[in-house]
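Visitor: I have a model open and I'd like to learn how to read it. Could you walk me through a few features?

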Amino acid sequence: MPSNDILDHLSRLYALSDDPWNHRSSPYEALKYQATLAAIGLGPFHHALEVGCGNGTFATLLADRCETLTVMDCIPAAVALAKQALTPCPHARVIQGTAPRNLPQIRPDLVVLSEVLYFLTPADIVDLGVWLRHHATGAVVAVNWTGPTDEPLTGTEAVGLLGDVLGGGQTHHCKGYRIDLF
């Protein structure tokens, strides 16, 4: 679970903007979403899970590939925005909670962890990895910024901790980020 300082910081960002990282308008984000979707494949996925969905921008792109989509975020404002973004998708549900503590009791055949791992503590990443080993029935896709994060962990350190639990994966290095498939 993110620390209270991180939760407060994220809440402040969403209080100032409904798109704090310019997910809807950034060319970088658009390219990252295209690369992530290419890495994921066309599906269809029976039940996908996105942890740290933010305002739901990526979830709207992912929804077409899923029979059922569950997305979650720990920031109430982000949850409200994701619900709004996913209104046209009756097969999608948005829940508020933190990973790994509040993960739903589902068996997803796709899990997306995009730009979320470095907000967690090392212990939480290990616990998340254990949850994934017991619940995920398909691919786990972790997307991480490779530059400075202003958080205790870098993206590379965070995904390394997850890889220690899940075992070796495939890494695709892109400009400014990496996509790891487990």
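Guide: Let's start with contacts, meaning heavy atoms within 4.5 Å. Setting aside neighbours within four places in sequence, S114 touches K32, V51, G52 and V143. This is a predicted model, where local features need pLDDT of at least 70, side-chain atom pairs count only at pLDDT 80 or more, and totals for chains, interfaces and linings use all residues. Residues are numbered from 1 along each chain as its sequence is written, and side-chain values use heavy atoms, leaving out hydrogens and water.

Visitor: Is S114 buried or exposed?

Guide: Buried means under 20% relative accessible area, exposed over 50%, and partly exposed in between (1.4 Å probe, protein chains only). S114 counts as buried because its relative accessibility is 14%.

Visitor: How many salt bridges does the structure hold?

Guide: A salt bridge puts a side-chain nitrogen of Lys or Arg within 4 Å of a carboxyl oxygen of Asp or Glu. The structure has 3 of them. One joins K32 to E29, at 2.8 Å from N to O. Another links K32 with E115, whose closest N and O atoms are 3.0 Å apart.

Visitor: Which parts does the pair of K32 and E115 tie together?

Guide: Helices (H or I, at least four residues) and strands (E, at least two) are DSSP runs, numbered from the N terminus. K32 sits in helix 2 and E115 in the loop between strand 4 and helix 5 (122-135), so the pair connects parts 83 residues apart in sequence. E115 is buried too, at 16% relative accessible area. Through shared partners, salt bridges join E29, K32 and E115 into one network.
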